[in-house]
Amino acid sequence: MANKHQNFLLTGFGILLLASILWAKEPAPLNRLPRIDPDYTDIQVPSNIAPLNFRVQEEGEPFRVSISAPEGKSIEIKSKDGLIQIPMKKWKKILADNSGASLKYEIEVKDEEGWQAFAPFENAISSDTIDSYLAYRIIDPAFGLWVKMGIYQRNLETFDESPVLINRITHGKCMNCHNFLRNDPNNMMMHLRGGEGSGTLINWKGELRKVDTGTPFNKAGAYPSWHPSGEMIAYSVNKLSMFFHSERKESRDVLDSASDLIVYLIGENTVTSDPKISDPERMETFPCWAPDGRSLYFCSSPNLESYVVKKDGVEDLAWDRIRYSLMRIAFDPDTREWGELETVLSAGEMDGSITEPRVSPDGKFVLFTKADYSNFPIYLKSADLYMLDLETGKVERLSCNSLEADSFHSWSGNGRWFVFSSKRRDGFCARPYFCHVDENGKLSKPFVMPQNDPAFYDTFIKTYNVPELVRERIKINPRTFANTAHDNSKKYKAQLDPVLQPRQTGEDDDLYRPAVQ
Amino acid sequence: MSEDNIKMRGLRNLPILATGVLFLVSFYLVILKVIRPAAIYVKQMPVFVSTSHAFHEALAYPGGLIDYISSGFMLYFVKEWIGALFLTILCLMIFILITALLQKRTLLKGFWGLPFLPCLALAMMLTNYDRPLADTMSLTLALGVFWITQQFNKKSLALRLILLFVLGCMLYYLTPGGFLLFLVLIIISQIPTLISSPINIILIGLAGAFAWILPTLAYQWIFLISKKEAFLAHLPWMQNHPVMMPFILFIILLFGSILLASIRIEPKVGKGNRILNHPVTVIAQMILIPVLTVLLVTATVNKTTRKIHEIRYLAHENRWRDVLAAMDVNAIRHVTCMTLINQALYHTNQLASNMFAYPQAWETSGLILPADIAYEYPLDHSHIVYDMGHVTEAERWAAEALVLYGQTPWVIEHQALINILQEDWAAADKYLQVMGKIGPTRERAAHYLDIVKDPERLRYEYRLQQLKALRPENNFVTSINYPQKDFEALLQQNPENKMAYEYLMAHSLLAKDFQTFAKFLPKYKDFNYHRMPRHFQEALVVYVAQKGKVDLPGFQPDQRILQRFNEFRQVAQQTRSYGNAGIQQLKEQFGDTYWYYLIYTQIESG
């Protein structure tokens, strides 16, 4: 009797199964890619990146996403609202098993006509890993004021973000220009500005110190570049001021009215320079050492007075004509003697202003920003990334650019990736984008830093500033940075190299000001 | 319990209930009418965005959750009755807790008005406009947790210590200041018990140590916060504001009550109790407490702060006639208020004809804020330049407001509209996404999102269309330090920009810059005035008098103005020797004229 019932049930179940198989339709193919945000279609990803969570922006519900690769199990995700959050473990495994191969994304949505399948897309998994951490400053889209800010580090292999230093524990100070010796978190520096405790924090050879790089020759240093030997840091010394336009989508603009380069010798606590890099007739800025330490790249423009023009008998500044050229000067690290100064790329031949040169770790390329004018590309929509091949001399506008400002780039330690700030999503908040570069300088499509919440960037009205790739976690506790900043016994006052003569330096000033609440 | 007993008890409690109701009604009314929840809203500019990121950020520091929740409630303070209700409910909770704590304490039997006294001090604390909701929530929590621990007073010391530790840690995470208050209450309540239970010294000692250790651990190891925040967050001395007196009063009354209540004395039906229970005393308490609430709050409210924020609120709501009606001596003391009053004068078509009827002692700063003050009131400044179509400058100051206040509904909505005007759809969309995450602005966000999705809809937005038409088409470098240059440039690019014109003329009058005034006077004919505005005529008379002969053909002041000018000169001459009395006489007759401003305002303000 029991067997009879069992047979009956099994037969019924079999019929139902057969019917469901027969009735189940194959999803109707749509001959287009799905709209997803962030756009992770057809990109190249490092094999150690966190899951690229995204949102399907198509009508209908629910959604099915299948992520497959030649090796291992595919990842199947169902979502009612189109938010696709990829399980971390499965993602890590599929990347690890398929390094050098591709991930295939198949996305389906159910609408009034049943299941629809979008054209699949792929992500190439690069065997070139990216540095595990990204350090950046998070600030409001600043015009003049600041209140809250902090330098953070994000583990790119997960979604963990932790503060390196926040101004909640530094009496509300401004902090900027975090910089590392060859992507090494154990040798790093940053500036703190705004009242007592201001200075440059340098962690060098295991000692964290605060340095006042201001001397009778110069104000405190600004844009840094660490010499590959680790023994010295080149700084620009700038006098920046902000002005505003009445009619353009990005109304902010910045002017540098005087700038020079200095070199801070860390071990000797001494500031030195040379007339070739601190010429009163020119404005030198954005230093960048070549990886062999035998030359210094920087940007240079004639001084501000040379841009004063007479308009209707009245003197006016032709701010839109201020353009910087890319320069290089030879340097002997042993004797510390400066050599020949040469123009690598002139503003004239580039028909624009060159800023932020960054030499690739293999010394083959210089990645730089070009904008219509000025030295503050983050506020210029015309700012784009360019690459100079140092072997061939060929300059190329990179395919990763957008209609918004693309600037502030940083190479990974292995030179196969770079990160840059782009405002392409909304025009006013910069986001870190990553791009792969092969040994021939060929680029992949850039992709934005993944977030656990795929809709994160929609409502996050803060800007990611100065993204710098770092090999590993910065281990110094934020409180240690804060305590050092306020501990005058750890303060070093830089000495001036006796060969240099004191000169008018003016007050230390800042582009931004703390808010009075 | 017999029915008679219940009745008797009900009758005994009747005065307490009646006083409670009267007190709460008076508390609600003083919040609503005297303190003004709208003024609290403007002073606080609450930030509450319901995103996981904002929530996690709030959880990252002790007290953050209370800040977040209180900001969420405070969003509704623009509806003033809701704001008053929130605060009254909190006051009721504090009252209930204090009453519960003092119940059955024999010494205080009969003095049932006692629990009202700390609440009265609380009402006074709210008059300073500094974080009233978060701080009051913190006090409520501290008292609530203290009340819970009191229920275990007769349990073993070990249990009480565990309770103190567990509840203390939880309370600390919610409100560090409340935690400190809670521990002080524990200590105070335990001191009188030392004679009967000397072992309680352990509880006192550990409570004292706990008050020091936990905040120290918090700022040195656990959270990235300052030392001050670790110990005092949510207590009034976190703010640099003269709020201390009502707070100290609150603390004294609270601690005093708890201390007295902790002294256990056998009940004696003596003379004191008879007096307290006498019908006259009962009625006196019933009347006195609500009356005192009204009087003390009215006396202690910071009238200048209230007025500034009341005017800022009205201006934000574009209630221009109400702005002018709300103007008083407190308002004109504040330069930002003066700019809002002048903005209201423009919107009610009175700037060119009646601005000097209002004290213009702030001169040009009272028309348009100089940079240093604009950085303190960026949103108000942004709205002024926005109204004249100077959209990028409005965006700049809205961005400063975003930094200063955070993602408040006003700032986010203003930014969204600015970006819609600039047809910067991606940026507008972003602000609208955030706006959609702020409770009270959700509907408006959806409305504007429709415009972003279909920009054709902008045609149906009359105000936005008007402003869009005023936007300058050609770029110029703006200058807040020389606003007349911006007004000129705006006018040059859009000759129909009436606000830019009136502000340019008002600026030239306030700056006594007759050259600019004369240069742009002829343009008044482009703006459909019935006749030349009164102040222009008054300035023209002076200009003609100064220059002797001027090349402004066809620009003749009215005979009435000329006649009044002659009278002014006569009276001024006659009263010259009277000193201040003379000036006062002149002010009474001619205080609303440009002539009076020209000669005497500087003397008055200087």
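Start with chains A and B together: 39 residues of chain A are in contact with 48 residues of chain B. Keep in mind that this is a predicted model.

**Stop 1: the interface of chains A and B**

Select both chains. Between them they bury about 3,700 Å². Carbon and sulfur atoms give 57% of that area. Now pick out Arg168(A), Glu247(A) and Arg479(A). In chain A, these three lose the most area to chain B. Together they make up 19% of what that side buries.

Next, look for charged partners. How many salt bridges cross the interface of chain A and chain B? There are two. To see a salt bridge, select Asp426(A) and Lys430(B). Their side chains meet at 2.8 Å, N to O. Polar contacts join 15 residue pairs across the interface of chain A and chain B, counting pairs with both residues at pLDDT 80 or more.

Colour the elements of chain A next. Which element of chain A gives the most? Select α4(A): with four residues, α4(A) gives the most to this side. By type, the residues of this side of chain A divide into 20 nonpolar, six polar and 13 charged.

**Stop 2: a sheet in chain A**

Stay in chain A and show the strands. Five of them form an open sheet, in the order β19-β20-β21-β22-β39, with mixed pairing. Find β19 (224-226) and β39 (495-496) at the edges. Each has a single partner strand, so one side of each is left without a neighbour in the sheet.

Zoom in on β21 (residues 252-265) and β22 (residues 270-272) of chain A. These strands pair in the antiparallel sense, over three bridges. Select Tyr264(A), and opposite it you will find Val271(A) in β22(A).

**Stop 3: two domains of chain B**

Move to chain B. Select domain 1 (306-470), then domain 2 (505-605). Their C-alpha centres lie 31 Å apart. Domain 1 of chain B puts 13 residues into the contact, and domain 2 of chain B puts in 18 residues.

The two domains of chain B bury about 1,300 Å² between them, with 72% from carbon and sulfur atoms. Highlight Ala352(B), Phe356(B) and Glu363(B). In domain 1 of chain B, these lose the most area to domain 2, together 49% of what that side buries.

Search for salt bridges between these domains of chain B, and the count is zero. Polar contacts link seven residue pairs across the interface of these domains, with both residues at pLDDT 80 or more. Finish on the side of domain 1 of chain B that touches domain 2: its residues divide into eight nonpolar, four polar and one charged.

Technical notes. Residues numbered from 1 in each chain as written. Chains lettered and ligands numbered in written order. Predicted model: local features only at pLDDT ≥ 70, side-chain atom pairs only at ≥ 80, totals over all residues. Heavy atoms only, no water. Pairing = 2+ DSSP bridges. Helix = DSSP H or I, 4+ residues; strand = E, 2+ residues; numbered from the N terminus. Contact = heavy atoms within 4.5 Å. Buried area = accessible area lost by both parts, 1.4 Å probe. Salt bridge = Lys/Arg side-chain N within 4 Å of Asp/Glu carboxyl O. Polar contact = N/O pair within 3.5 Å; in protein donor to acceptor, adjacent residues only side chain to side chain. Nonpolar A, V, L, I, M, F, W, Y, C, P; charged D, E, K, R; others polar. Domains from an automatic or database assignment.
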